[in-house]
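Please consider the following structure together with its sequence. The paragraphs below lead from a single residue to the chain as a whole.

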Amino acid sequence: MGGMGGMGGIGGMKKKVKAQPKKLGESIPTDNELECMTPTARQRVIDDYRTHKPLPDERSFLKIPDVYDRLNISADRKLLLLVCGAARGVRFTTSQMQDLYRYSTEAESQFSQVDAVYKSLSPKARKYKATANPTPTAVVEASVGSVESVEPDPVAVEAKQYHDAANRYMAAYRELVGAIVAKHGELRAREKAAAEGEGEAAVEEEVEVDKDHGEGLANAKPMPDWLKCLSEKYTNESGMKVQKSGAVLDSLGRFACFLACCVFNHLPLTPHEVESLLSLIQASDDGSGTSVESITTTIATRGTPPPGIADIPNATQRRTQKYWAYRMWRFLKTVRELKSVPKDEKYLKGDASQWKDWL
């Protein structure tokens, strides 16, 4: 028995080993496993999942700045794109962005619900742990027993309500993380192809660039589809004149103002242009909660546009045209393909009358 004392007694034997940090999406427990926890312990797990702390190799792989200690991937869309690999040049189709934002919105909604349920629990319910059966429903049924007159244990009922809400959050979380991990897979596949001399990296090496005239720069790296579509619309309809050799556009300020006109129904849009503008609006999310919730491909009613022309409905009565111009301009400044384009913030500071030529 003396040996027991040397080990620190019973307390020393019960000391738990701290769980090792895991990568995002790695070894997520099942609902049955999580239901064996007390609500308090499970809420801590949920908080850790919701605000993921990236491991060193994750930071290196995704180029996550050290300033971000934890990543709230469901509440912050900028961090969501970052953890998907945006800093590594990962691109997103319109449907992928829509899915990601839908998953993140659902996850955050479910978190709000489970958090509210947890805060409403009694102290006993927060410490309640199912030992006989990991399933909350079975726990409540077991508390009833075979005697119909016996009321369910109210503490067990509370715990069941919490675990039900927690299960709904985990379902939304797994869907969101699954989409993120899929983007990581795309990035690894691209790296593998580059290492083998295939894919985008090999194509770039074959492009001959005339450094004096900028010829070939536009083809050195494939331009994102949304940018190609919107820049072509701007080029064709704004009368732009590129002053700098090899630049994609003449002015980011004018481009952003032009796109703001598109948001406010002043310019007709094809279905492809609608998709491209939606991609830009989603990517430029500034955390203000302002977004275009629905984009239609119905025939425009203004004037007599040709068949197939579509419109974006008014974005919001609470935001001005200048807001949308600034929002998109701030994002466009960060786009790799537009680094050489003059920023021209001066165009955003005037009133909308300067855009009359496009209306």
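Where is the place of Glu337? In this predicted model, Glu337 belongs to the loop between α16 and α17. The helix α16 covers residues 321–332, and α17 covers residues 346–349.

Is Glu337 buried or exposed? The relative accessible area of Glu337 is 16%. Because the term buried applies under 20% relative accessible area, Glu337 counts as buried. In space, the C-alpha of Glu337 is 8.9 Å from the C-alpha of Leu227, although 110 residues separate Glu337 and Leu227 in sequence.

The loop between α16 and α17 also holds Lys333. With a relative accessible area of 30%, Lys333 is partly exposed, since partly exposed describes values between the limits for buried, under 20%, and exposed, over 50%. Lys333 also takes part in a patch of positive charge on the surface, where it gathers with Lys78, Arg330, Lys339 and Lys343.

The view may now be widened to the chain. Its secondary structure consists of 17 helices and two strands. The chain has 359 residues, of which 41% count as buried. Among the contacts in the chain with a separation of 6 or more, 69% are between residues 24 or more positions apart. Finally, the chain exposes about 19,800 Å², and carbon and sulfur atoms supply 53% of this area.

Notes: Residues are numbered from 1 along each chain as its sequence is written. This is a predicted model: local features need pLDDT of at least 70, side-chain atom pairs count only at pLDDT 80 or more; totals for chains, interfaces and linings use all residues. Side-chain values use heavy atoms; hydrogens and water are left out. Patches are made of residues with over 30% relative accessible area and no salt bridge: like charges are joined within 9 Å, nonpolar side chains (Val, Leu, Ile, Met, Phe, Trp, Tyr) within 5 Å. Accessible areas come from the Shrake-Rupley method with a 1.4 Å probe; for residues, only the protein chains shown count as cover. A salt bridge is a side-chain nitrogen of Lys or Arg within 4 Å of a carboxyl oxygen of Asp or Glu. Lys and Arg count as positive and Asp and Glu as negative; His and the chain ends are not counted. The place of a charge is taken as NZ of Lys, CZ of Arg, CG of Asp or CD of Glu. Helices (H or I, at least four residues) and strands (E, at least two) are DSSP runs, numbered from the N terminus. Buried means under 20% relative accessible area, exposed over 50%, partly exposed in between (1.4 Å probe, protein chains only). Contact means heavy atoms within 4.5 Å.
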